Amino acid sequence: MSIRVLIADDQHIVRTGLTMLLDAQPDIEVVGAAVDGREAVRLALELRPDVGLFDVRMPLMDGIEATRHLAGPHVTDPLPIVVITTFDLDEYVHEALKAGARGFLLKDAGPALLTQAIRAAADGDALIAPSVTVRLLAAFAHLQTGPARQPLEPLTAREEEVLVPVAQGRTNDEIATELYISTSTVKAHLASLMRKLGARNRVELAMWAHETRRI
C-alpha cells in the first residue's frame with residue numbers, strides 16, 4: 001500500500017518538484033497539492049491522505065494554522081503532518097510542533113531525509129531535521145512560559161533511560177541497541193511515557209524532556 005501524501009506550498013515550482021520526487025518513490029503517492037493553508041485543510045478533509053507535507057509561509061492560512069486545524073490537540077483523528085520550510089527559525093519549529101506536526105524539515109534537507117520523514121509520520125513516528133533537532137528542542141525550554149506538566153504517574157527508571165535518547169533524536173532501533181533491549185520493548189516504554197505525559201508523539205516527549213531539564 002502506498003503512503004498517500006497531500007502537499008501544500010504556494011510556489012508552483014516547489015509543488016511540482018516535491019510531487020515528482022515523492023511520486024518517484026515506490027511506496028509514496030501524491031494525491032493532492034494545495035496552494036495555501038485553507039485549501040490544504042479542505043483537501044485533507046476531502047481526500048483523507050495518510051500524511052500532509054506543508055510549507056510554513058502560505059497566503060490565506062499558513063502551514064502552522066493548517067496543521068493546528070488538522071492535527072491540533074482537540075482533533076479527534078489527527079492527520080500526520082510534516083512541516084517543511086526554507087527558514088531555520090526557532091519559533092517556526094516550536095509553533096509547528098505545538099500545533100501537532102510530526103516532523104519538521106528544511107527545504108534543503110534532501111530527498112532521503114524527506115522521504116524518511118514521510119514514512120516516519122505515516123508510521124506514527126516523528127522526525128526533525130538533525131541539523132536543527134538538539135538546538136531547537138533545547139531552545140524550547142527557554143520558550144516555555146509556564147511550568148512543565150507533571151506526569152500522571154512517576155516515570156520508572158527505565159522510562160527515564162529511554163526518554164533521554166528520544167530527546168536526542170535517536171530512532172527506536174538505536175535506542176534498543178544502546179540500552180540492550182528489544183525494539184518492541186522500546187515501543188512499549190514509549191507508549192507508557194506518552195500515556196503518563198499526555199503526549200501524542202515522540203517529539204512532544206522530547207520537548208517535555210528539555211522543558212524539565214532532563215537534557
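Q: Which residues does T85 touch, not counting residues up to four places away in sequence?
A: T85 touches D55, V56, Y92, F104, L105, L106 and K107, where contact means heavy atoms within 4.5 Å. This is a predicted model, in which local features need pLDDT of at least 70, side-chain atom pairs count only at pLDDT 80 or more, and totals for chains, interfaces and linings use all residues. Residues are numbered from 1 along each chain as its sequence is written, and side-chain values use heavy atoms, with hydrogens and water left out.

Q: Why is T85 called buried?
A: Buried means under 20% relative accessible area, exposed means over 50%, and partly exposed is in between (1.4 Å probe, protein chains only). T85 has 0%, so T85 counts as buried. This residue lies in strand β4 (residues 81–85).

Q: What makes H189 buried or exposed?
A: The relative accessibility of H189 is 18%, so H189 is buried. H189 is found in helix α9. Leaving aside neighbours within four places in sequence, H189 is in contact with R158, E159, V162 and I181.

Q: Why does A167 count as buried?
A: A167 has a relative accessibility of 1%, so the label buried applies. Its place is in helix α7 (residues 157–167). A167 and H210 are 43 residues apart in sequence, yet their C-alpha atoms are 7.4 Å apart in space.

Q: What does the secondary structure of the chain come to?
A: There are 10 helices and six strands. Helices (H or I, at least four residues) and strands (E, at least two) are DSSP runs, numbered from the N terminus. Of the 215 residues of the chain, 49% count as buried.

Q: What makes strand β1 (residues 3–8) largely enclosed?
A: Five of the six residues of β1 are buried, so the rest of the structure largely encloses this strand.

Q: Which strands are joined to β1 by bridges?
A: Two strands pair if DSSP finds at least two bridges between them. Six bridges join β1 to strand β2 (residues 28–34), and these two run parallel. Four bridges join β1 to strand β3 (residues 51–55), again in a parallel pair. L6 stands opposite G52 in β3, while the bridge partner of A8 in β2 is A34.

Q: What handedness does the crossover from β1 to β2 have?
A: The chain goes from β1 through helix α1 (residues 12–23) to β2, and this β-α-β crossover is right-handed. Right-handed means that, with the strands pointing away from the viewer, the path from the first strand over the helix to the second runs clockwise.

Q: Why are α1 and α5 called roughly perpendicular?
A: Angles under 35 degrees count as roughly parallel, over 145 as roughly antiparallel, 65 to 115 as roughly perpendicular and the rest as oblique. The axes of α1 and helix α5 (residues 111–122) cross at roughly 75° and come within 11 Å. The two helices are therefore roughly perpendicular. Axes are lines fitted to C-alpha atoms, for helices over the stretch in contact, and angles run from 0 to 180 degrees between N-to-C directions. L18, L21 and L22 in α1 meet P111, L114, T115 and I118 in α5.

Q: What makes α8 roughly perpendicular to α9?
A: Helix α8 (residues 172–179) and helix α9 (residues 183–197) pack at an angle of about 105°, with axes 8 Å apart. That angle makes α8 roughly perpendicular to α9. N172, D173, I175 and A176 in α8 meet T183, V186, K187 and L190 in α9.
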